[in-house]
Amino acid sequence: MAQGVSGRFFAGRELVDRLARHSPARLAVTVFAAVISLFTLLLMAPWATTSGRSAPFIDALFTATSAVCVTGLVVVPTGTYWSTYGQVVILVGIKIGGLGVMTLASILGMAVSRRIGLTQKLLTASETKTTRLGEVGSLVRVVIITSTTIELTIALLLLPRFIVLEETFGEAAWHGLFYGISAFNNAGFIPTAEGLTPYVGDWMLLMPIIVGVFIGSLGFPVILNIMRNRRRAARWSLHTKLTLTTSAVLVVVAVVLFAAFEWTNEKTLGPLSLNEKILASLFAGVMPRSAGFSTIDINGMHESSWLITDALMFVGGGSASTAGGIKVTTLAVMLLAIVSEARGDRDLEAFGRRVPRETLRLAVAVSFIGATAVLVASLLLLEITGWTLDVILFETISAFATVGLSTGVTADLPTAGKYVLVVLMFIGRTGTMTLAAALALRDRRRVIRYPEERPIIG
């Protein structure tokens, strides 16, 4: 009997190894779905809620998906509905989702064997978008060291502030750790009932969260590249330069536009002091990258601000980061293509480097698949709920881009609507191209190519 169990184990391992080599994307999606299923079961335990009753399946599934997909959308209040056990489960789900299931698999492999095998490298390359397998070992170390260090740093910075706010040491430590992990992983979950709204002008509390969110949205390849070339910025990769430049520009534009649109709005910035308005504008400009925290009433914002936030959420953060969206490098490549076409240049060029045409094709595919996912989900929710398009579009983009910002209607969704957002969060976290690759039956390789002919565009 032992031999039979052993045989089945090695057969299963062979199957996993085969999938990892031939279709790592498909394996990544499968494992991610399995992790969400596990956390759904953990949240359905009676002791996971403060009432002592098992959470409904859809609420447990929605919360587990939102946690593992580091989104932050909720159908029940995290701080009051879930018990301490339930909140710990959510926090662990956020941590695993932020690291990436495939990255975590490589970390475990390193802990056991002190090295990373080919299978683990392939798995992690799928999750982190690393093309050179030799870099995966270094990247994994950066993932675990950097994420944990930044999360603990945020927690330590927040600890004395929460104590000053008359929390006990235990409460302050828990809230600091929760916000630290939630911020760096761009999750947007909050452990308190009142959230961050009472602290709209508190620089000491909000700045560590802002910085943690921004760093987490850059992506581990960028962090690795900067750490390797700390004193030689000229040697930063094109990906790092594009990510940093585009991210900085988007944040500045977002802060300026949000302040301009909401400065006199009595439901948002209007009643605040100048100091509070500046901090609230900065906070609101950074959070759409994928964090989902808010210090003002999202439902009270002007529709123009909603539209700007929609665009920022759809773009998201950096590739292989804890952020969602189509990613800033995707936007950068498409903007470079427009500039190149306007100038009549044959090549896409940036920072003294030429961008391959295949990258532009991938950027267009990612954007189109993302837009299609949002469109289909919006159509479904319009039919299911009968709500207005502006509200539906905000919620669907927030789910797809794993942001977590909400106009406050997510909890009122019917069951069918919640399932739509669950699928959308899953697609947004696993990545549009990863999901497409996982569903593809085979790669098409043509020996014979047709003659070239250009259709008329525009």
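Colleague: What should I know about the model before we start?
Modeller: It is predicted: local features need pLDDT of at least 70, side-chain atom pairs count only at pLDDT 80 or more, and totals for chains, interfaces and linings use all residues. Residues are numbered from 1 along each chain as its sequence is written, and side-chain values use heavy atoms, with hydrogens and water left out.

Colleague: How many helices and strands does the protein have?
Modeller: There are 19 helices and two strands. Helices (H or I, at least four residues) and strands (E, at least two) are DSSP runs, numbered from the N terminus.

Colleague: How much of the protein is buried?
Modeller: Of the 458 residues, 53% are buried. Buried means under 20% relative accessible area, exposed over 50%, and partly exposed in between, with a 1.4 Å probe and protein chains only.

Colleague: And what share of the contacts links residues 24 or more positions apart?
Modeller: They account for 69% of the contacts with a separation of 6 or more. A contact means heavy atoms within 4.5 Å.

Colleague: Let's pick a residue. Where does S398 lie?
Modeller: S398 is in helix α17, residues 389-400.

Colleague: Why does S398 count as buried?
Modeller: Because its relative accessible area is 0%.

Colleague: Which residues does S398 touch?
Modeller: T71, L73, M313, V403, G404 and L405. That leaves out residues up to four places away in sequence.

Colleague: M313 is on that list. Which residues of α14 are buried?
Modeller: S305, W306, T309, D310, L312, M313, F314 and V315. The buried residues of α14 pack against α12, α15 (328-343), α16 (357-385) and α17.

Colleague: How does the span of α14 compare with what its 13 residues should give?
Modeller: It agrees, because the 13 residues should span 18 Å at 1.5 Å a residue and the end C-alpha atoms are 19 Å apart. The expected span is 1.5 Å times one less than the number of residues.

Colleague: What follows α14?
Modeller: G316 does, with a positive phi near 80°.

Colleague: Switch to α18. How many of its residues are buried?
Modeller: 12 of its 16, so α18 is mostly covered. Among them are G417, K418, V420 and R429.

Colleague: And how far does α18 reach?
Modeller: Helix α18 (residues 415-430) reaches 23 Å from its first C-alpha to its last, close to the expected 22 Å. Just after α18, G431 takes a positive phi of about 100°.

Colleague: Now helix pairs. At what angle do α9 and α10 pack?
Modeller: About 35°, with their axes 7 Å apart. Axes are lines fitted to C-alpha atoms, for helices over the stretch in contact, and angles run from 0 to 180 degrees between N-to-C directions.

Colleague: Which residues meet there?
Modeller: Y179, A183 and F184 in α9 meet I209, G212, V213, I215 and G216 in α10. By class, that contact has six nonpolar, two polar and no charged residues. Ala, Val, Leu, Ile, Met, Phe, Trp, Tyr, Cys and Pro count as nonpolar, Asp, Glu, Lys and Arg as charged, and the others, Gly among them, as polar.

Colleague: How many cavities are there?
Modeller: Three of 30 Å³ or more. On a 1 Å grid over the protein atoms alone, a cavity is a set of points where a 1.4 Å probe fits but cannot get out. A pocket is an open set with protein on both sides within 12 Å along at least five of seven lines, and lining residues have an atom within 4 Å of a point. Grid points are joined across faces, edges and corners, and a volume is the space filled by probe spheres set on the points.

Colleague: What lines the largest cavity?
Modeller: 14 residues, of which F258, A284, I298, M301 and L405 lie nearest its centre. They divide into 11 nonpolar, three polar and no charged. The volume is about 100 Å³.

Colleague: And the second largest cavity: which helix gives the largest share of its lining?
Modeller: α14, with four residues. That cavity holds about 60 Å³, and its lining includes F258 and A284.

Colleague: Last one. How much space lies in the second largest pocket?
Modeller: About 630 Å³. It has 30 lining residues, and V74, I190, S294, G404 and S406 lie nearest its centre. By class, the lining has 14 nonpolar, 14 polar and two charged residues.
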